[in-house]
Amino acid sequence: MKNKVVIVTGARKCMGLASTKHLLTLGANIVMVFCSDDARAEYEVAQLSEYTDKIFLLKADIVSHDNRVRIIEKALTGFGHIDVLVNNVGIAPCTGFLNETEEEYDCVLGVNLKAPVFLAKLVVKQMIEQGVVVLLSIFLLLLGIGASVGLVMMCLKQVLSWLRRQWLTCTVFV
């Protein structure tokens, strides 16, 4: 992973932060994308002070197309290319299955399904322009448990599995 450029979404805590730390120890350059809690994100980056030249911290809600484009631009401006995407973003409603509103459900689908897929599409397009798709890694982190989340996850896994099969038929891995 030495000098590979990795975009990690949901990088402020839990699996995203753990992935970031591990990839840094392997020599990767990281674009750490987070959506909330600036102070916590800045604190976590400060704990990684030995890697400051290898980290860009970027606040961006990947549900927004403009923010997804900004993530790609930040990686290219800072490091010149993109090698890996760790799509580690996800939410779950706190209201529970019976109380979940349609707006909450739409939000869950937007964050957990639509945003990661469309960010992955932008990243893969960039990788193809670079000449090769080195690695596409999709991780989702859900913050909670509920029946509707299970349904979203089941659907998401099927969509992402299908997308991976499509990408594998037209990409070269090195």
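Reader: Why is arginine 40 called partly exposed?

Author: This is a predicted model, and in it arginine 40 has a relative accessible area of 33%. Buried means under 20% and exposed means over 50%, so a value in between is called partly exposed.

Reader: What makes glutamate 44 count as buried?

Author: Its relative accessibility is 8%. The cut-off for buried is under 20%, so glutamate 44 falls on the buried side.

Reader: How do you know that glutamate 44 and arginine 40 form a salt bridge?

Author: Their closest N and O atoms are 3.2 Å apart. The limit is 4 Å between a side-chain nitrogen of Lys or Arg and a carboxyl oxygen of Asp or Glu, so the pair qualifies. The structure holds one salt bridge.

Reader: How far apart are glutamate 44 and arginine 40 along helix H2?

Author: They are four residues apart, and therefore separated by about one helical turn. An α-helix has 3.6 residues a turn, so residues three or four places apart point the same way.

Reader: Which residues of helix H2 are buried, and why are they said to lie on the same side?

Author: In H2, which spans residues 38-46, the buried residues are Ala41, Glu44 and Val45. They cover an arc of only 100° around the axis, so they sit on the same side of H2. The buried residues of H2 pack against helix H1 (14-25), E2 and strand E3 (55-59).

Reader: Is asparagine 29 buried or exposed?

Author: Asparagine 29 is buried, because its relative accessible area is 10% and the cut-off is under 20%. The residue lies in strand E2. Leaving aside neighbours within four places in sequence, asparagine 29 is in contact with Asn3, Lys4, Val5, Val6, Lys54 and Phe79.

Reader: What makes a group of residues a nonpolar core, and how many residues has the largest one?

Author: The members must be buried, must belong to a set of residue types that includes Val and Ile, and must be joined through side-chain atoms within 4.5 Å. The largest nonpolar core has 20 residues. Those with the most contacts inside it are Ile7, Val31, Val33, Ile62, Ile71, Ile82 and Val123. Strand E1 (5-9), strand E2 (29-34), helix H3 (65-79) and helix H4 (102-130) each supply at least two residues of this core. H4 gives the most, with six residues. Another core, of 15 residues, lies apart from it, and has Leu24, Met32, Val84 and Val86 among its members. In soluble globular proteins, nonpolar side chains tend to be buried together.

Reader: Which residues does valine 123 touch?

Author: Not counting residues up to four places away in sequence, valine 123 touches Ile7, Ile72, Ile82 and Leu85.

Reader: What is the order of the elements in the protein chain?

Author: From the N terminus on, they run β-α-β-α-β-α-β-α-β-α. That pattern is made of five helices and five strands. Buried residues make up 45% of the 174 residues in the chain.

Reader: Where is confidence lowest, and where is it highest?

Author: In the protein chain, the lowest mean is 44, in strand E5 (residues 137-138), and the highest is 96, in H3. The pLDDT is below 50 over residues 136-148, a stretch with 47 contacts in the model beyond near neighbours in sequence. It is also below 50 over residues 169-174, where there are nine such contacts.

Definitions and conventions. Residues are numbered from 1 along each chain as its sequence is written. This is a predicted model: local features need pLDDT of at least 70, side-chain atom pairs count only at pLDDT 80 or more; totals for chains, interfaces and linings use all residues. Side-chain values use heavy atoms; hydrogens and water are left out. Buried means under 20% relative accessible area, exposed over 50%, partly exposed in between (1.4 Å probe, protein chains only). Contact means heavy atoms within 4.5 Å. pLDDT is the predictor's confidence in each residue, from 0 to 100. The arc is that of the directions from the helix axis to the C-beta atoms.
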